[in-house]
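These are my notebook entries on a structure that I looked through element by element. I wrote down what I looked up in the order in which I turned to it.

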Amino acid sequence: MKLPVSWLAEWVDLPWDAQELSSRLTASGFEVEGTEPAAPAFTGVVVAEIVSIAAHPEADKLRICQVNDGAASVQIVCGAANARAGIKVPLAQVGAVLPGDMKIKAAKLRGVESAGMLCSAKELGLAATSTGLLELPADAPAGANIRDFLQLDDAVLDLKVYANRGDSMSVLGVAREIAALSGGTLKTPASPAFKTAAGTAAAVVHAPAAAPRFLTRRISGVNNRAISPLWLQERLRRAGLRSINPVVDVTNFVLLELGQPMHAYDAKRVQGALTVRMARAGEQLQLLDERSVELTPDVLLIADDGGPIAMAGVMGGQGTSITAEVTDVLLEVAFFTPEAIAGRGRRYGIQTDASQRFERGVDPQGQATAMQRATALLLELCGGDAGAVGEAVSAADLPARPPVLLRRQRLAMLTGADIPENRVQESLAQLGMQVAPHAQGWTVTPPSWRFDIAIEADLIEEVLRIVGFDAVQESPRRLPQRFTRRSEALIDERALLDVLTVRGYQESINYAFVDPVLQKKLFPAQDSLQL
């Protein structure tokens, strides 16, 4: 999982630089496999404004741009289709060095002098492909260094999250850990307020044990032809995703930020109410990747009156996909249990960001927050009117977090460390746990997002992670020796093997047995040995 440090800084104050942050996270059980800059090295590129534009006298596809680079007006010959007066773009000045060791010199293009080059995202190493100049926000100051303006020296952490810590597969999840390690306070980025229109998107849940909470909202009159703002494109790019269109970008943004997968449907192509149910034998679904799959009865799906429209928690269907022409959007945010999603995608050769999180477990109390965050962003970027949220919830099927007893004596025995009691309580409280005093120690109730806290040893590990494993000092211990009773009638395996070896036998250690059908497919020309 790739996490930009600048994004983490919006959620928690960072008292350490990227290198120290990586070390602290790794020491606490999150393996940082490496860090990389948000963009490759380049120099000499500034923000510039195209002041005027004129046709090139000798080339139909080239135009002559007068550009303000913050200090003077310079002439640039450019062939980009989106070059126009009034926009801010990156300007590689004479002497600049772009990725790939491309040096910018003054030149004449078809007889017209050009003092630099206006750049695309690809030329700056910010995209694999580009169709025109990289358009910067209107408030970008002319003459500003582009690396400073776009924070391109931002470090991106490559974080390995283990299967039992699905709660940390997000900016919010890692920010929680940093706040606990540093003693800081978790911050919540502000979202613009919005008004709610009348009308609720209906939903029916026929599989409450698999989908205990299911939220829907219709947003009408959106403009999905707009281009996502550069800050959103950069957030996604640095986290390893590409920008598609504003609606899809927002759902991906919320997934990365809050760890809550969500899906958007073309509301005009949804027939009737959304229905959550198990698949029927023989049902088929055309997925977003345009493959058609035959569903089995243990696959949870989203359907409408016309049939399946998405494989729940894994991938949406082609029939209700979000295109640039979409004007009405139906948002879905759900808590699907790990058991209902695990293995279903892999059966069809699919692994998505959503399925990875649902399989590990998402916060069953986080759906409303994700819906509000996504709605606010969509209305800000695309306009439209948001209806009320429809919610179907089965409280009895939502996972419970029973309290776990942590004993002082057990903590001391397993850690070998003398940790002050107030430090134990602070460490657990910083992780969002409710800590109550108990005669033997503490009664600890895990937060809704911590699926992995079930026994006392889990809590002891959490205390050590936050206090620091270096709190455990090596010291000699005297432990009682306990010997189990063993009957003399039992023959030692090693002695038996020695006897057989002396008598001329040879031990053979074979490969594991394999399915003969599978072996025939892999080695059709080789006869199998049957035992």
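Is S355 buried or exposed? I kept in mind that the model is a predicted one, and I looked up the relative accessibility of S355, which is 3%, so that S355 counts as buried, the cut-off being under 20%. I then checked where S355 belongs, and its place is in helix α9, which covers residues 353-360. Leaving aside the neighbours within four places in sequence, I found S355 in contact with G313, V314 and I341.

Next entry: the sheet. I looked up an open sheet of five strands, whose order is β13-β16-β19-β20-β21 and whose pairing is mixed. The edge strands are β13 (203-205) and β21 (315-316), each of which pairs on one side only. I noted for myself that strands of a sheet pair through backbone hydrogen bonds, either parallel or antiparallel. For β13 and strand β16 (residues 274-278) I found the parallel sense, over three bridges, and I saw that A203 stands opposite L274 in β16.

Next entry: helix α6 and helix α10. I looked up how α6 (residues 246-258) lies against α10 (residues 367-382), and their axes come within 10 Å and cross at roughly 145 degrees. The crossing of α6 and α10 is right-handed. On the side of α6 the contact is made by P246, V247, V250, F253, V254, E257 and L258, while α10 brings T369, A370, R373, A374, L377, L378, L381 and C382. When I sorted the residues of this contact between α6 and α10, they divided into 12 nonpolar, one polar and two charged.

Next entry: helix α12. Which residues of α12 (residues 421-430) are buried? I found V424, S427 and L428 to be buried, and because they cover an arc of only 90 degrees around the axis, they lie on the same side of α12. What covers these buried residues includes β25 (404-407), α11 (408-415), β26 (434-438), β27 (441-445) and α13 (456-467). I also noted that just after α12, G432 takes a positive phi of about 85 degrees.

Last entry: α11 and α13. The crossing in which α11 passes α13 is right-handed. I listed R410, L411, L414 and T415 of α11 together with E456, I460 and L464 of α13 as the residues that make the contact, and they divide into four nonpolar, one polar and two charged.

Definitions and conventions. Residues numbered from 1 in each chain as written. Predicted model: local features only at pLDDT ≥ 70, side-chain atom pairs only at ≥ 80, totals over all residues. Heavy atoms only, no water. Axes fitted to C-alpha atoms, helices over the stretch in contact; angles between N-to-C directions. Helix = DSSP H or I, 4+ residues; strand = E, 2+ residues; numbered from the N terminus. Left-handed = near helix turned anticlockwise from the far one by under 90°. Contact = heavy atoms within 4.5 Å. Nonpolar A, V, L, I, M, F, W, Y, C, P; charged D, E, K, R; others polar. Buried < 20%, exposed > 50% of the residue type's maximum accessible area, 1.4 Å probe, protein only. Arc of directions from axis to C-beta. Pairing = 2+ DSSP bridges.
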